[in-house]
Amino acid sequence: MTSRPLGPAAYPAEDKPLNRPETLKALAKFCPEALIEAVSGSEVTEALDFAALTQALKGSVNEPFETFQLNFPGKKASYAAAAKPLASFLRPSPAQSLDFATANNLYLKGDTLEALKLLRKVYLEKIKLIFIEALGPFKPLKSSHLAFLSPRLMVARDLLAENGSIFIKTDDHGVQDLTLLTKEIFGERNFIAQLVVKNSPKIVNNNPFCNDHYYVLVLAKNSQVFIAPQKERPLAARWLGQTEEPKTSLRLLRKWGANSLKEDRPNLYYPISDPEGADHYPTLSDGTPGCWRWSQATMNRALKNDLVVFKKKGQVWVAYEKVPEESSLTLKYSTWVDALSFGDRINEGPSLFDALDFAAPMVELMALILKMAGVKETDLVLDFAPETAFLAQAIRDQNEKDGENRRFILAQEPNAALEIPLGRYGLGFKTFKVEPLDSASLSEPGLSEASLSKEGLDPLTRLTTALLALGVDLGLPIKLECLGPKEDKFMVYTVGLDYLIFVFTEIRSNEPLWRLARVKCQRVIFLDAVFTSDDLKINAIRIFQLLAPEVSLSFL
């Protein structure tokens, strides 16, 4: 790695999207000559030498005039915005939440670009489905709309799981530009389909045609990994002319490969009855406790529908799933979606707009998208341009039907026209406000004394900042509890089941430390300010080394 002053062809790592850590790491491996140490004043920073990179790729790089691409006013600035350092933090709002302590759904209010960057700290490559509605309000400002969406799509791409997908609802005014933009960001090969959804007819003045459709663009994070689920064939088509059940194959019912041990998924370790009536647990071939591939709710349905079969190997029963031949039971989804029901379907529970006909078909569309994207079990779904809660309602309905635990994250701009009344759906959710760092006199959003000990941050906000820095799921239970007698008022926050304790109450003696060390958990975070003396902080370390050496301690 060479060292040279900054010049027009060398850019500091924070200035350019290409200088992301993962990109620099790849370049260091395949093109080390393009990675340099650039001197700016008295500081030495890692940088990318574009001249060296271009030279290394000579013969493979298209000249600008040969490149096919989408251009719009503000494009350079919008791409730069995606690479800018995070400049916000999350302030929890229990008062605007429903069951904040136990809810596992999230509702973020504020700049959605900053919200997505904050989510990236925890949910990088963990989101199964992203949904966006990009319709009417942006028609007069096409370039502004593209400049708004492009940095958000770039960060959203990082959030998608490798087998995840993004569905974007749009109309005739936006479909062309959005297709070009999404292909540019996600890659041409990851464009899956352009769905056409038949809608109720709309007559627009000065338009010679009646508009009765809209579009849903579908792109994958990685088309080589994305598997589009298939729908069941209509009963008549499945069994027409058949006199016997379709052929089936057997698939091991316990999980295999990565994360197949009981300790990996303890909630998937439970008994079912074998043919002899004994409890049968998932067990690896060497006798190690394993885990099932299904939740208990899914397992119970499979047992009820006779989709589980046991085979004996020697003296041991082995459980299998009966898998019918796909060709006889399933059918690929079409890119044409027939008109959804308008006014003829009544949803269980209240909808956002009870009096409007479009509530039912929109929930129906969301349910269809969940199926097309293969969202199931505990998968996460993100909507960062919501004007309604139809997606959340569809998730609730589907969870009630199959007993699974899909989750949603909604991120809404502060100037959004509608306030989403999620509480009407009986869905628990945690609300967080996205606030700029300067509002709390913060200099950085990381896990450090500078970001956690500033005035203006309440304990719950400090805990949230710490969880983001540690990459801890904000959907875990977060409870305010009193350790010991109530009169002591020694309050702490607990996160998850025996996972983390956050200490923000003043410690004046060793007694609460002995009490803390006896509580089962994996990690304890102390605010430095809680210790009334340095000796007590030292004693905290010694007491935990004595009683709970396996617990990780942090001091902020």
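These legends cover the overall fold and several close-up views of one predicted model.

Local features need pLDDT of at least 70, side-chain atom pairs count only at pLDDT 80 or more, and totals for chains, interfaces and linings use all residues. Residues are numbered from 1 along each chain as its sequence is written, and side-chain values use heavy atoms, with hydrogens and water left out.

**View 1. Overall fold.** The protein has 15 helices and 26 strands. Both are DSSP runs numbered from the N terminus: helices are H or I, at least four residues, and strands are E, at least two. Of its 556 residues, 46% count as buried. Buried means under 20% relative accessible area, exposed over 50%, and partly exposed in between (1.4 Å probe, protein chains only).

**View 2. Nonpolar cores.** A nonpolar core is a set of buried Ala, Val, Leu, Ile, Met, Phe, Trp, Tyr and Cys residues joined through side-chain atoms within 4.5 Å. The largest has 82 residues. Leu108, Tyr123, Leu153, Phe384 and Phe526 have the most contacts inside it. Apart from it lies another core, of 33 residues, including Met362 and Phe390. In soluble globular proteins, nonpolar side chains tend to be buried together.

**View 3. Surroundings of Tyr123.** Contact means heavy atoms within 4.5 Å. Leaving out residues up to four places away in sequence, Tyr123 touches Leu106, Leu159, Leu380, Arg407, Ile409, Asp473, Leu474 and Gly475.

**View 4. Helix H11.** Eleven of the 13 residues are buried, so H11 is largely enclosed by the rest of the structure. Among them are Phe390, Ile395 and Asp402. Just after H11, Gly403 takes a positive phi of about 75 degrees.

View 5. A salt bridge is a side-chain nitrogen of Lys or Arg within 4 Å of a carboxyl oxygen of Asp or Glu. Asp397 pairs with Arg396, closest N and O atoms 2.7 Å apart; both residues are buried. Glu404 pairs with Arg406 at 3.2 Å, and these two are also buried. Arg301, Asp402, Glu404 and Arg406 are linked in a network of salt bridges.

**View 6. The Lys537 salt bridge.** Lys537 forms a salt bridge with Asp528, closest N and O atoms 2.8 Å apart. Lys537 is partly exposed, with a relative accessible area of 26%. Asp528, at 25%, also counts as partly exposed.
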